[in-house]
Amino acid sequence: MKAVITGATKGIGRAIAIKLWQQGYQLALVARGLKELEQLRDELFDADQKILIYSVDCSIKEEVLKFLDQIDSAFGFADVLVNNVGAYIPGSLLDEDDETFEMQQSLNVNASYYISKFFGKKMRSEHRGHIFNICSVASKAPVENGGSYSVTKAAMLSLNNVLRQELAPHNVKVTAFLPGSTKTSSWEGTTIPDEKFVQPEDIAETLYTILNLSKGVNVDEVLITPLNF
C-alpha cells in the first residue's frame with residue numbers, strides 16, 4: 001500500500017506518516033523544509049519500505065505541478081492521499097493584509113485542489129483509493145480572530161464534499177477531518193496543559209481505523225475536539 005502525505009514533517013502530518021509507516025505503507029512525503037524531510041526519512045528508514053521525500057512550497061502552483069510530474073513516474077499509484085498542508089495566520093478579515101488571505105488560500109485550498117485532481121483521476125480510473133482532507137472546526141463555524149483561515153477552511157471542506165460526490169460512483173472514498181484545538185506547532189509556547197488538546201496521534205489512529213473499515217462504507221466527516229478546552 002502507498003500513501004502521499006502533504007505537510008508531513010510536523011504535527012498531524014508527521015503523526016499520520018509515522019502511523020502508516022508502522023503499518024507497512026510506502027510513503028511519499030511532502031513539505032517545504034528539506035532538512036526536516038531528511039530527518040523524518042532517516043528516522044523511519046527501512047530497506048524493505050520505499051520512502052520518497054519532496055521539498056515543495058505548496059503555496060506556489062508551479063512547484064506543486066513540478067512535484068506531481070516527478071512523483072508520477074517515481075511512486076506509481078497512491079492508495080491514500082492525505083491533504084494536510086496548510087497555514088493558520090490569526091487576524092481580522094477586515095483589518096488584515098490581502099496577502100494574508102492569498103497565502104492561506106494557496107496553501108489551504110489551492111494545493112489540495114491541484115493534488116486531489118491529479119490523484120483523484122488515477123483513483124477514478126482504478127476504482128479504488130481514499131482521499132483524506134485535514135480541514136478544521138473552522139470549516140463549519142468561523143473561529144474568533146481567524147478570518148481568512150475560516151474562509152479558506154470552509155472552502156477546503158466544500159472541495160472535500162465535491163470530491164466525495166464525484167468519486168463515490170467510482171468506489172473511491174473521501175473523508176474530511178475537522179479537528180478542534182490540536183497540539184501542533186501552532187500552539188508552540190502555550191502554557192495550556194497537553195491534556196487539554198487533541199493530540200496529532202489521535203487523528204492518525206482514527207484515520208488508520210477508517211482505512212480498515214469495510215469496502216462499502218465511507219466516513220464523510222470526523223469532528224474531533226478537546227473534551228474540556
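**Aromatic pairs, cysteines and a pocket**

With a relative accessibility of 0%, Phe-132 counts as buried. The model in which this residue is described is a predicted one. Across the whole structure a search finds five aromatic pairs, while the number of disulfides is zero.

**Aromatic rings**

- Tyr-54 and Phe-67 form an edge-to-face pair, because their ring centres are 5.1 Å apart and their planes meet at 65°, which is over the 60 degrees required for that class.
- Tyr-54 belongs to strand S3 (residues 51-55) and Phe-67 to helix H3 (residues 61-75), so the pair ties together parts that are 13 residues apart in sequence; both Tyr-54 and Phe-67 are buried.
- The rings of Phe-132 and Phe-177 make a tilted pair, because their centres lie 6.2 Å apart with the planes at 45°.
- This pair links distant parts of the chain, with Phe-132 in strand S5 (residues 130-134) and Phe-177 in strand S6 (residues 173-179), 45 residues apart; Phe-177 is also buried, at 0% relative accessibility.
- The charged end of Lys-2 sits over the ring of Phe-75, at 5.2 Å from the ring centre.

- Cys-58 takes part in no disulfide, the nearest cysteine sulfur being that of Cys-135, 16 Å away.
- Cys-58 is buried, with a relative accessible area of 6%, and Cys-135 is buried as well, with a relative accessible area of 4%.

**Second largest pocket**

- The second largest pocket holds about 300 Å³ of space and is lined by 16 residues, of which Arg-128, Gly-129, His-130, Lys-173 and Leu-211 lie nearest its centre.
- Its lining divides into seven nonpolar, five polar and four charged residues, and helix H6 (residues 200-211) supplies the largest share, three residues.

Methods. Residues numbered from 1 in each chain as written. Predicted model: local features only at pLDDT ≥ 70, side-chain atom pairs only at ≥ 80, totals over all residues. Heavy atoms only, no water. 1 Å grid on protein atoms, 1.4 Å probe; cavity = no way out; pocket = protein on both sides within 12 Å on 5 of 7 lines; lining within 4 Å. Points joined across faces, edges and corners; volume = space filled by probe spheres on them. Helix = DSSP H or I, 4+ residues; strand = E, 2+ residues; numbered from the N terminus. Nonpolar A, V, L, I, M, F, W, Y, C, P; charged D, E, K, R; others polar. Disulfide = S-S within 2.5 Å. Buried < 20%, exposed > 50% of the residue type's maximum accessible area, 1.4 Å probe, protein only. Phe/Tyr/Trp six-rings, centres within 6.5 Å; stacked < 30°, edge-to-face > 60°. Lys NZ or Arg CZ within 6 Å of the ring centre and 35° of its normal.
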